[in-house]
Amino acid sequence: MALEWEQIIVDSADPVALGRWWAEALGWVVVDASEEIIEIRPEPDRLPGLLFVPVPEGKTSKNRLHPDFRPDDQEAEVARLLSLGARRADTVQAEQHWVTLLDPEGNEFCVLGARKS
C-alpha cells in the first residue's frame, strides 16, 4: 500500500487571507477557493498542497509542526518575507543558521542559511 502526500491542513482565523499570503510568499497558485477555505499548490497538478480552513479558536502556543525553507540568499528572502507581512519571532539564539519568522497569524516558519559543506 502506497501513500500519496496530498496536503497539509492549516487552521486559520482568516483562511482565505492567510492562504493568499502563503501563495504569494511561496510563489504557489490557488487551486480551489471559496468564502471559507483556500487550497494552494506549487503548480495546479503538483502535490502536496496547503489547505487553509477556518477554526473558531486562535493560536495559543508554539506550532507542533512548522516548515523550513532554504533560499539561495537568506538575507534577501527574510527581507522579502518581512515586506509581505511576516514578523520576526523572539526565539533568536546565538550563532544559529536560521531565522524564525511568523506568518500574519503567528505561525512559525524558518528561513535557513546556506547548507554547510
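These numbered points describe a predicted model of one protein chain.

1. Overall make-up. The secondary structure of the protein chain consists of 2 helices and 8 strands. Their order along the sequence is β-α-β-β-β-β-α-β-β-β.

2. Overall dimensions. Taken along the principal axes, the C-alpha atoms fill a box of roughly 40 × 35 × 30 Å.

3. Of the 117 residues, 35% count as buried. Among contacts with a separation of 6 or more, 48% are made by residues 24 or more positions apart.

4. Helix H1. This helix covers residues 15-26, and its end C-alpha atoms are 16 Å apart. That agrees with expectation, because 12 residues at 1.5 Å a residue should span 16 Å. The buried residues of H1 are Pro-15, Val-16, Leu-18, Gly-19, Trp-21, Trp-22, Ala-23 and Ala-25. They pack against several strands, including S1 (7-12), S3 (38-41) and S4 (49-54). The buried residues of H1 also pack against strand S5 (68-69), helix H2 (74-84) and strand S8 (108-112).

5. Backbone points to check. Just after H1, Gly-27 has a positive phi of about 75°. Most residues other than glycine have a negative phi, and most peptide bonds are trans. The bond that joins Leu-47 and Pro-48 is a cis peptide bond, with omega about -5°. Pro-48 is in the loop between S3 and S4.

6. Pro-15. This residue lies in helix H1. Its relative accessibility is 6%, so Pro-15 counts as buried, the cut-off being under 20%. Leaving aside neighbours within four places in sequence, Pro-15 is in contact with Glu-36, Ile-37, Ile-38, Phe-52, Val-53 and Pro-54. Arg-64 is 49 residues from Pro-15 along the chain, and the C-alpha atoms of the two are separated by 19 Å.

7. Leu-50. This residue is in strand S4. Leu-50 is buried, with a relative accessible area of 15%.

8. Val-78. This residue lies in helix H2. Val-78 has a relative accessible area of 4% and is buried. Apart from residues up to four places away in sequence, Val-78 touches Arg-88, Val-99, Leu-101 and Val-111. Glu-35 is 43 residues from Val-78 in sequence, and the two are 30 Å apart in space, C-alpha to C-alpha.

9. Reading the contacts together. Strand S3 (38-41) and strand S4 (49-54) are among the elements against which the buried residues of H1 pack. Helix H2 (74-84) is another of these elements, and Val-78 lies in helix H2.

Methods. Residues are numbered from 1 along each chain as its sequence is written. This is a predicted model: local features need pLDDT of at least 70, side-chain atom pairs count only at pLDDT 80 or more; totals for chains, interfaces and linings use all residues. Side-chain values use heavy atoms; hydrogens and water are left out. Helices (H or I, at least four residues) and strands (E, at least two) are DSSP runs, numbered from the N terminus. Buried means under 20% relative accessible area, exposed over 50%, partly exposed in between (1.4 Å probe, protein chains only). Contact means heavy atoms within 4.5 Å. The expected span of a helix is 1.5 Å times one less than its number of residues.
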